[in-house]
Each structure stands twice: as C-alpha cells, then as structure tokens.
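Please look through the structure below. Some questions and answers about it follow.

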Amino acid sequence: MDSRLTPDALRGLLSADARTVAPQLLGAVLTHESHGGTVAVRITEVEAYLGPEDSLHPDPGSHTFRGQTRRNAPMFGPAGHLYVYFTYGMHHCANIVCGPEGVASAVLLRAGEVVAGEELALARRPTSKAPKDLASGPARFATALGLTTADSGRDALGAPFRLELPDKPSTEISSGPRVGVSGAGGTDDYPWRFWLSGDPTVSRYKAAKVRTA
C-alpha cells in the first residue's frame with residue numbers, strides 16, 4: 001500500500017467490508033494534532049464490527065445490532081470518520097468507520113505503538129509502566145491520542161487528524177475471536193480480531209464475563 005494515498009483514495013479503500021479493511025489498517029499510523037501537541041500511534045491490533053440484525057451482515061457483537069441510535073449513528077456514516085464511544089463510565093474507545101455510507105460497520109482500534117508525542121501520551125496515561133503500554137488496549141489507545149466522544153463523527157482523514165497506511169502490508173497477521181464480546185459475537189464464529197503477530201503492544205485476550213442471575 002502507499003501511505004501517500006489522497007484522502008479520496010483512502011476513503012475509497014476504507015469503503016470496503018470492515019473484515020477486509022481491518023487487517024489492512026495494521027501498521028497504519030493515526031495522528032492527532034491537538035492544542036496540547038501531536039501524538040501519532042502505529043496501529044497493531046484491531047477488531048471489525050458489522051451491522052444490525054436485519055442487515056446483509058448481522059453482527060451480534062456490534063453496537064448497531066439492535067438498530068441505529070444517536071450514539072452509534074456515526075457507524076452508518078461515511079468511511080474514514082471516527083466513532084468514539086464511552087464505556088464503563090470511565091473509558092473512551094475509538095473506531096474508524098468503514099463500508100459504504102448507510103451500511104453500518106467500523107474497525108475498533110484496539111492497540112498500538114506511540115511513534116510520536118510519547119511525552120504527551122505519557123502525560124495523558126501517567127499510570128503506564130512502559131512505552132509499550134501507552135496505547136495497549138482500546139481505552140489506552142484513545143486516551144493516548146486524546147480522543148473523546150466529542151470526536152465521534154469527525155473525519156479521521158483530514159486535519160487535525162491524519163491516517164497513513166503502511167507502504168507494505170504485513171505478512172505476519174494473526175486473527176481470532178474478539179475481546180470481551182458477550183454472546184455469539186464473541187465466539188470463534190466471529191474471528192474478526194486481527195493483530196500483528198508477536199508485537200509487544202498487542203493487548204491480552206480476555207473472553208467476556210458470563211453474567212449470572
């Protein structure tokens with residue numbers, strides 16, 4: 001791939017099926033130029049999510065499975081935009097929207113390596129014990145980049161953001177079930193988590209907790 005793709009060309013690539021786009025984002029660098037400074041993260045782990053139960057590709061693990069809401073509306077929007085959500089009352093998680101506009105799908109940015117702005121990322125993540133931990137996990141990834149729900153719906157392909165694909169796709173990619181997804185969506189039937197094999201920033205796999213009455 002060519003990291004110098006124009007935004008229009010890159011948006012066209014992202015308009016494909018999220019399961020195809022997800023592994024192509026491994027090794028890509030997402031940059032955010034904020035008032036506090038610039039942080040760039042090389043993506044090392046992602047998860048693909050698709051659409052509602054009445055869609056062509058129903059995904060029981062997706063936020064859109066029960067239909068469109070105000071919260072998940074960005075997932076139905078143009079490819080290349082951000083979908084950022086707040087979870088557990090304390091964490092933000094960031095996705096890049098994929099697929100044709102109107103077809104819900106996105107790629108969750110699960111983990112990465114901070115390649116620029118490490119000092120600022122550390123200020124945002126003061127509890128990190130090592131550089132490899134700064135963006136290891138979806139909440140850490142979003143925090144390192146300074147992303148919140150205020151960024152949900154914004155275009156990741158234009159200022160103050162920049163997305164650059166790797167010059168060459170990695171040939172060392174692993175896949176498996178998604179992390180922490182309950183029900184059928186977290187099983188081996190949905191092996192839509194992709195990561196750079198052996199990369200130290202990849203998060204640890206955790207199955208969803210089984211709720212008891």
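Contact means heavy atoms within 4.5 Å. This is a predicted model, in which local features need pLDDT of at least 70 and side-chain atom pairs count only at pLDDT 80 or more, while totals for chains, interfaces and linings use all residues. Residues are numbered from 1 along each chain as its sequence is written, and side-chain values use heavy atoms, with hydrogens and water left out.

Q: In what order do the elements of the protein chain run from the N terminus on?
A: Helices (H or I, at least four residues) and strands (E, at least two) are DSSP runs, numbered from the N terminus. The protein chain has four helices and eight strands. From the N terminus on, their order is α-α-β-β-β-β-β-α-α-β-β-β.

Q: What radius of gyration does the protein chain have?
A: The radius is taken over C-alpha atoms, and the globule rule is 2.2 Å times the number of residues to the power 0.38. For 213 residues, a compact globule would have a value near 17 Å. The protein chain agrees with this, at 16 Å.

Q: Which residues of α4 are buried?
A: Buried means under 20% relative accessible area, exposed over 50%, and partly exposed in between (1.4 Å probe, protein chains only). Helix α4 spans residues 138–145, and six of its eight residues are buried, so the helix is largely enclosed by the rest of the structure. The buried ones are P138, A139, F141, A142, A144 and L145.

Q: What covers the buried residues of α4?
A: The cover includes strands and a helix. Among the elements are β1 (29–34), β2 (37–49), β4 (91–97), β5 (106–116) and α3 (118–124).

Q: Which residue just after α4 takes a positive phi?
A: The phi angle there is about 75°. The residue is G146.

Q: How many disulfides does a search of the whole structure find?
A: A disulfide is a covalent bond between the sulfur atoms of two cysteines. Here the term is applied to a pair of cysteine sulfur atoms within 2.5 Å. The sulfur of C93 is 16 Å from the closest cysteine sulfur, in C98, which is too far for a bond. The number found in the whole structure is zero.

Q: Is C98 buried or exposed?
A: The relative accessible area of C98 is 0%. Therefore C98 counts as buried.

Q: What share of the contacts between residues at least 6 apart in sequence joins residues at least 24 apart?
A: The count is taken in the protein chain, among contacts between residues at least 6 apart in sequence. The share joining residues at least 24 apart is 61%.
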